Amino acid sequence: MLPSWENSFLKKPKNIDLKVVKKNSISSHNSYTWPLLIMILLLQIYYCINYFFISNLRLSLISISPQQFPSPKTSTHSVSNHNNNNNNNSSNLCLSGKVYVYDLPPMFNKELLDNCSSLDPWSPRYCDAVLNGGFGRKAATQLAEVVPESLAPAWYWTDQFMLEVIFHNRILKHACRTLEPESATAFFIPFYAGLAVGRYLFTNYDNKARDSDCEMLLRWVQEQPYWKRSNGSDHFITLGRMVWDFRRWGENDWGSNFVYMEGMRNIQRLVIERNPWDPLDAGVPYPTGFHPRSDADVLEWQDYVSTHKRTSLFCFAGGTRGAFKNDFRGYLLSYCKNESDSCRVVDCSGTRCYNGASAILDTFLGSDFCLQPRGDTYTRRSVFDCIVAGSIPVFFWERTAYDQYEWFLPGEPTSYSVFIDNKAVKNGSESIRNVLEKYSREEVSKMRERVINIIPQILYATPQEGLETIKDAFDVAIEGVLTRIKKK
């Protein structure tokens, strides 16, 4: 540390009047005049050099500011080196801290994948879904006529509930992972809660079965020393199903009681659908089928969707929900069929649209706008399939997106989407077609450009280490949760 500027030896010496010294010296005929004069000159030179050297050194130290390091808020599309040489530059990248990943007993993750046939009592679909690190089977053959040939290998039939598997697979190789818990800012619990609870949701299991895995997991975690240190306030978890599947209201109601259990009181949660009134929930994108292998894949896809010919004003892909009173999706299906000259429709009744179909992607690519009502809950994966295709989403409930994904979607909803209140549509005071036809081609082009700029940060990339310079949804989520925990 440099000495204080108040110290006298760092102060610039006063100038010495050499003429006076010389005159006085000569007049006194002192025999030491010239040696003394030389000594004074040398001392003045020394102090001047010392003064300017230390001044410059201090200024150079001050000039090394945090702005010279990559910012956690670096734009998704800027050409930065935030993912290059991850192992060498992790100290510069991990400005919000590092993550320690718990090595859980395999019954909480790996064994669920090994016993994939038990995850769905009616179908073996999860055994396909868990392949390729949670991306599912490759879709290149089926999408060959819809996507560019060079990008087809980056497409998969990804299940919407695979967030937990995808996240765990990525975090193991992340630059900000640490193997030393003492150096960790946050602790990740890689429990596949959605898969564990999902086994018991649709059959005649009781609450004890729906809660058992969650209770065992919390007992294990609460025995860990780093949990006890913070009571879990620096821990986080992913929940790969809608948050309501983990919030059982009453004794005979739907779902597990996981979120309300004592041990979950302080844990940060990354969820595909958040409770807007719970500050521990953070909404993250549903996985889509596109998982880029490189920056080049992302840029090529953005160019492709920006120039793709769109022949329909709007479209809708969805199925009816007869169990819902005044089913809005059923209304949109009928409406779109009656407006066939402006609207393309894909009827997803049954399992036709499971994990996204080539017909859905083709429809979104060919339409300016895509209608996005609420799903079985307020959110739906289709929102992200729509954005990936460069189509402008039309929402009918604000909670479908605006209250959900603040880390990933722009803060100005009108810059990338249209909102039409569902009540106004149902009572006839608003016509979907009339609203959308009021947008000029320039306005549509500007909105689409904004949508296309969103694409990288809602994707989950293939490389475990991440893309070269572009931040995907995983990178944004990790930054977000680390920042939360560090501030807390």
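How many aromatic pairs does a search of the whole structure find? Hi everyone, that is where I'd like to start today. The search finds 28 aromatic pairs. To count as a pair, rings of Phe, Tyr or Trp (its six-membered ring) need centres within 6.5 Å; planes under 30 degrees apart are called stacked, over 60 edge-to-face, and the rest tilted.

A quick word on the source. This is a predicted model, where local features need pLDDT of at least 70 and side-chain atom pairs count only at pLDDT 80 or more, while totals for chains, interfaces and linings use all residues. Residues are numbered from 1 along each chain as its sequence is written, and side-chain values use heavy atoms, with hydrogens and water left out.

Let's look at one pair. The ring centres of Phe-167 and Phe-188 are 5.8 Å apart and the planes meet at 45°, so this pair is tilted. Phe-167 belongs to helix 7 (residues 163–171) and Phe-188 to strand 2 (residues 186–189), so the pair ties together parts 21 residues apart in sequence. Helices (H or I, at least four residues) and strands (E, at least two) are DSSP runs, numbered from the N terminus. Phe-167 is buried at 1% relative accessible area, and Phe-188 is buried at 0%. Buried means under 20% relative accessible area, exposed means over 50%, and partly exposed is in between, with a 1.4 Å probe and protein chains only.

There is also an aromatic cluster, formed by Phe-314, Phe-328, Tyr-331, Tyr-335, Phe-396 and Trp-397. Two of those names take us to helix 12 (residues 328–338), where the buried residues include Phe-328 and Tyr-335. Among the elements covering the buried residues of helix 12 are strand 6 (312–318) and helix 16 (432–437); contact here means heavy atoms within 4.5 Å. At the start of helix 12, a side-chain oxygen of Asp-327 comes to within 3.3 Å of the backbone nitrogen of Arg-329.

Now for the cysteines. How many disulfides does the count come to? The count comes to four, a disulfide being a pair of cysteine sulfur atoms within 2.5 Å. I'll show you three of them.

Cys-94 and Cys-176 form one, with sulfur atoms 2.0 Å apart. The torsion about their S-S bond is about -100°, so this disulfide is left-handed. The pair links distant parts of the chain, 82 residues apart: Cys-94 sits in the loop between helix 3 (90–93) and strand 1 (99–101), and Cys-176 in the loop between helix 7 and strand 2. Cys-94 is buried at 9%, and Cys-176 is buried at 6%.

Next, Cys-116 is joined to Cys-127, S to S 2.0 Å. The torsion about the S-S bond of Cys-116 and Cys-127 is about 100°, so that link is right-handed. Cys-116 lies in the loop between helix 4 (110–114) and helix 5 (125–129), with Cys-127 in helix 5, eleven residues apart. Is each one buried or partly exposed? Cys-116 counts as buried at 12%, whereas Cys-127 counts as partly exposed at 22%.

Finally, a disulfide joins Cys-370 to Cys-386, S to S 1.7 Å. With -55° about the S-S bond, the link of Cys-370 and Cys-386 is left-handed. Cys-370 is in strand 8 and Cys-386 in helix 14 (residues 382–388), 16 residues apart, and both are buried. Cys-315, by contrast, is in no disulfide; its nearest cysteine sulfur, that of Cys-370, is 5.4 Å away.

Terms used: A polar contact is a pair of N or O atoms within 3.5 Å; within protein, one must be able to donate a hydrogen and the other to accept it, and residues adjacent in sequence count only if both atoms are side-chain atoms.
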